[in-house]
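Let me put the sequence and the structure up, and then I'll walk you through it.

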Amino acid sequence: MPMNPEHHHRDLQAAGLIAAAAPAASDQLLNPSDTSTERPKVVTLCGSTRFWRELAEANFRETVAGHAVLAPGCDMKKAHPLWEQPAAAEELKTALDALHRWKIRACDEVLIVNVGGYYGDSTRAEITYAHQLGRPVRYTEPVGHAVILERPGLDPVRIGPYEHESRAEEIAAGLRRQLHHTSHVEGTVITVGAFRPDLDHLDPQVPTDPYALADAMDADGDGTGRNFPDLYARLCAQEPEACASDLWKRACWAYDHMHARADE
């Protein structure tokens, strides 16, 4: 069975790095004529260096699982002579960010170390980059589930996260029922998938306080159906039918009352 061209390309990249670092030992470390398909999966770790211990634990577990691990190599949150000067620190951070992008390009899979569900802006950008490259992304802790609406000719709508898949499925089923009662883009498909921290999501919970719901009405869709699921459709998917209808009536009263006072 021939070697996967993408894998072969990455191995050649790795060979170049090894040769540049230690030319005399490169033949011992990597044999360019070896066309074996038994290569390990390459996993790149991403996450805040505040979780340095957890990054090390993830590195350990992935290595024991037989994977070749690419991980952050510097914890710049700890003092060190190499980055004690602000200008040197800024220059090094830029270089390390570029290096980590290379690690994402060179890997087969990205593992996000998201302790307590946390990931900062840098990690979020790396998640986006990994998805743009088509690299599978997984997480050390659950990130939840999302309801996804695919609409022909329009951007997808994502709602989440939901902690439990069963709740996401309930909401998806409720929104499918609403398709029969509201105007919407023909061909809209509603599914449940993984929550994507790097993408925008609608809040999973529609407010049930009448005044909070009235406030949300101001930012709702234009009524054409192109913005399905609008606030009312989401409320009906979230609450029992009778309850949703009653909540909506009270919210409409609150909305009218708020605007009447504003016009005085």
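Let's start with Pro-142, which is exposed, at 77% relative accessible area. By exposed I mean over 50% relative accessible area; buried is under 20%, and partly exposed is in between, using a 1.4 Å probe and protein chains only. Pro-142 sits in the loop between β4 (137-139) and β5 (145-150). When I say helix or strand, I mean a DSSP run, H or I with at least four residues for helices and E with at least two for strands, numbered from the N terminus. In sequence Pro-142 is 25 residues from Gly-117, and in space their C-alpha atoms are 7.3 Å apart.

Before I go further, a word on what you're looking at. This is a predicted model, so local features need a pLDDT of at least 70 and side-chain atom pairs count only at pLDDT 80 or more, while totals for chains, interfaces and linings use all residues. Residues are numbered from 1 along each chain as its sequence is written, and side-chain values use heavy atoms, with hydrogens and water left out.

Now, who touches Pro-142? One of the residues is Asn-114, which has Pro-142 among its contacts, along with Tyr-119, Tyr-139, Thr-140, Glu-141 and Val-143, leaving aside neighbours within four places in sequence. Contact here means heavy atoms within 4.5 Å. Asn-114 is in the loop between β3 (109-112) and α5. Is Asn-114 buried or exposed? Buried, with a relative accessible area of 0%. Asn-114 and Thr-140 are 26 residues apart in sequence, yet 6.1 Å apart C-alpha to C-alpha.

Of the 264 residues, 34% are buried. Take contacts between residues at least 6 apart in sequence, and 73% of them join residues at least 24 apart.

On to helix packing. Helix α6 (residues 165-178) and helix α8 (residues 231-238) pack at about 125°, with their axes 8 Å apart. The axes are lines fitted to C-alpha atoms, for helices over the stretch in contact, and the angles run from 0 to 180 degrees between N-to-C directions. So α6 and α8 are oblique to each other. For the cut-offs, under 35 degrees is roughly parallel, over 145 roughly antiparallel, 65 to 115 roughly perpendicular, and the rest oblique.

Which residues meet there? From α6 we have Arg-167, Glu-170, Ile-171, Gly-174, Leu-175 and Gln-178, and from α8 we have Ala-233, Arg-234, Cys-236, Ala-237 and Gln-238. That contact has 5 nonpolar, 3 polar and 3 charged residues. Nonpolar covers Ala, Val, Leu, Ile, Met, Phe, Trp, Tyr, Cys and Pro; charged is Asp, Glu, Lys and Arg; the others, Gly among them, are polar.

α8 is mostly covered, with 7 of its 8 residues buried. Cys-236 is among them, at 14% relative accessibility.

Apart from neighbours within four places in sequence, Val-206 is in contact with Leu-213, Leu-231, Arg-234, Leu-235 and Gln-238. Val-206 and Tyr-232 are 26 residues apart along the chain, with 9.1 Å between their C-alpha atoms.

There's another helix pair to show you. Helix α4 (residues 86-106) and helix α5 (residues 121-133) cross at roughly 35°, and their axes come within 10 Å. His-100, Arg-101, Ile-104 and Arg-105 in α4 meet Ala-125, Glu-126, Tyr-129, Ala-130 and Leu-133 in α5. By class, that's 5 nonpolar, 1 polar and 3 charged.

Since someone always asks about cysteines: how many disulfides does the structure hold? It holds 0, a disulfide being a pair of cysteine sulfur atoms within 2.5 Å.

Pro-161 is in strand β6 (residues 157-162).
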